[in-house]
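The following account leads through the structure from its helix to its sheet and then to the connecting segments. Please keep the sequence and the coordinates in view while reading.

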Amino acid sequence: IQDMDYEYAPLRLPANVDRLTAAAQLAIQAEFSGWELARVQLFRDGTRKVLLRRRVGAAPQPGISY
């Protein structure tokens, strides 16, 4: 599978968002918008850089609601 088959959505979660809340928000995006988790980076200040992806050409889905 090539990267051309996916579209990506980078997100930045602030340090005040705990792990459980972040997981719940990402699960909702996966369930209702077809996104899957591609990568997470946790920074020393507590922020998280999240990269979501979904297949291109799938049925139109609502966008990210952050």
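Predicted model: local features only at pLDDT ≥ 70, side-chain atom pairs only at ≥ 80, totals over all residues.

Which residues of helix 1 are buried? They are A22, L26, Q29 and S33, where buried means under 20% relative accessible area, exposed over 50%, and partly exposed in between (1.4 Å probe, protein chains only). Residues are numbered from 1 along each chain as its sequence is written, and side-chain values use heavy atoms, with hydrogens and water left out.

Helices (H or I, at least four residues) and strands (E, at least two) are DSSP runs, numbered from the N terminus. Of the 66 residues in the chain, 23% are buried. Among the contacts with a separation of 6 or more, 64% are between residues 24 or more positions apart; a contact means heavy atoms within 4.5 Å.

Seen down the axis of helix 1, the buried residues fall within an arc of 65°, so they line one face of the helix; the arc is that of the directions from the helix axis to the C-beta atoms. These buried residues pack against strand 1, strand 2 and strand 3. The face turned away from the buried side carries the exposed residues L20, E31 and F32. A27, also in helix 1, is partly exposed, with a relative accessible area of 43%. The C-alpha atoms of A27 and L37 are 9.2 Å apart in space, although the two residues are ten apart in sequence.

At the N-terminal end, D18 caps helix 1 through a side-chain oxygen that lies 3.1 Å from the backbone nitrogen of L20. Helix 1 is followed by G34, whose phi is positive, near 80°.

The sheet comes next. Strands of a sheet pair through backbone hydrogen bonds, either parallel or antiparallel. Here, three strands form an open sheet in the order 1-3-2, with antiparallel pairing; two strands pair if DSSP finds at least two bridges between them. Strand 1 (6–13) and strand 2 (36–42) are the edge strands, each pairing on one side only. From one strand to the next, the twist averages 20°. Helix 1 (residues 19–33) packs on this sheet, touching strand 1, strand 2 and strand 3, and its direction makes about 15° with that of strand 3. Axes are lines fitted to C-alpha atoms, for helices over the stretch in contact, and angles run from 0 to 180 degrees between N-to-C directions.

Eight bridges pair strand 1 with strand 3 (residues 48–55) in the antiparallel sense. Within this pairing, R48 of strand 3 is the bridge partner of L13, and Y8 stands opposite R53. Strand 2 is joined to strand 3 by six bridges, and these two strands also run antiparallel. E36 stands opposite R53 in strand 3, and Q41 stands opposite K49.

In a regular strand the side chains alternate between the two faces of the sheet.

Two connections remain. Strand 2 and strand 3 form a hairpin with five residues between them, and G46 in the turn has a positive phi of about 95°. A15 lies in the loop between strand 1 and helix 1 and counts as partly exposed at 43% relative accessibility. Leaving aside residues up to four places away in sequence, A15 touches D45, G46 and T47. A15 and R48 are 33 residues apart in sequence, with their C-alpha atoms 7.2 Å apart in space.

Note on methods: Polar contact = N/O pair within 3.5 Å; in protein donor to acceptor, adjacent residues only side chain to side chain.
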